[in-house]
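Dear colleague,

I am passing on the structure below, and my notes on what was found in it follow.

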Amino acid sequence: MRLNSRVSSAVMMDSGQSQWGRTMNVGTNATAHVAGTYPTYCQKLTVKDPNGMVKELVFPKALDLDRPKRARTTFSSEQLYKLEQEFQRNQYLVGKERTELAKRLKLSETQVKVWFQNRRTKYKRDREREAEAKDSKAETVATQNILRLLQATRHYPVTPCPAPAPPSYPYFQTYIHHGLS
């Protein structure tokens, strides 16, 4: 069951279930009978899921489900090159600079703005992955060094370190002797 991506949430009901007399929330303080009567600001959409089950979806009428989804913007390689070039120079393009770049590339300011937002997100994600990989590599190198040390010590007899001598407390004894404790 694939719906338009503008549809963010819906109330789904199995049509085979007996729902007579039961009510469901469809708004902040409104309720509707599941049997088919909904408030005037709602619309009903019936669909089949992949298993063949019929589902009833209820949406606010404000969602214009009949309107076709806007086509995804496809940037030319020249536009992408210039956008990337500008991103390398300045990650935050605003005002006059954005307006001029949009005119030069024959794009809307919104398209340029959204491209820069998406590119900053990608940049941040890439930096996080690099840092993660660097940390992982450092841990791997440290582990390899420890393993090499352990393997190297197998060839030599392991001699235990001598136990440290018990601490002596000359000052403590002096205070006791002079009654300063």
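How are helix 1 and helix 2 oriented to each other, roughly parallel or roughly antiparallel? Helix 1 and helix 2 pack at an angle of about 160°, with their axes 10 Å apart, and they are therefore roughly antiparallel to each other (angles over 145 degrees count as such). Please keep in mind that this is a predicted model, in which local features need pLDDT of at least 70 and side-chain atom pairs count only at pLDDT 80 or more, while totals for chains, interfaces and linings use all residues. Residues are numbered from 1 along each chain as its sequence is written, and side-chain values use heavy atoms, with hydrogens and water left out.

In the contact between these two helices (heavy atoms within 4.5 Å), Gln79, Lys82, Leu83, Glu86 and Arg89 of helix 1 meet Glu97, Leu101, Arg104 and Leu105 of helix 2. By class, three of these residues are nonpolar, one is polar and five are charged.

Helix 2 and helix 3, by comparison, pack at an angle of about 110° with their axes 8 Å apart, and are therefore roughly perpendicular to each other (65 to 115 degrees). Arg98, Thr99, Leu101 and Ala102 of helix 2 make this contact with Glu109, Val112, Lys113 and Phe116 of helix 3.

The largest nonpolar core has 10 residues, among them Leu101, Ala102, Val112 and Phe116; such a core is a set of buried Ala, Val, Leu, Ile, Met, Phe, Trp, Tyr and Cys residues joined through side-chain atoms within 4.5 Å, where buried means under 20% relative accessible area with a 1.4 Å probe and protein chains only. Helix 1 (77–89), helix 2 (95–105) and helix 3 (109–153) each supply at least two residues of this core.

With best regards

How values were computed. Buried means under 20% relative accessible area, exposed over 50%, partly exposed in between (1.4 Å probe, protein chains only). Helices (H or I, at least four residues) and strands (E, at least two) are DSSP runs, numbered from the N terminus. Axes are lines fitted to C-alpha atoms, for helices over the stretch in contact, and angles run from 0 to 180 degrees between N-to-C directions. Angles under 35 degrees count as roughly parallel, over 145 as roughly antiparallel, 65 to 115 as roughly perpendicular and the rest as oblique. Ala, Val, Leu, Ile, Met, Phe, Trp, Tyr, Cys and Pro count as nonpolar, Asp, Glu, Lys and Arg as charged, and the others, Gly among them, as polar.
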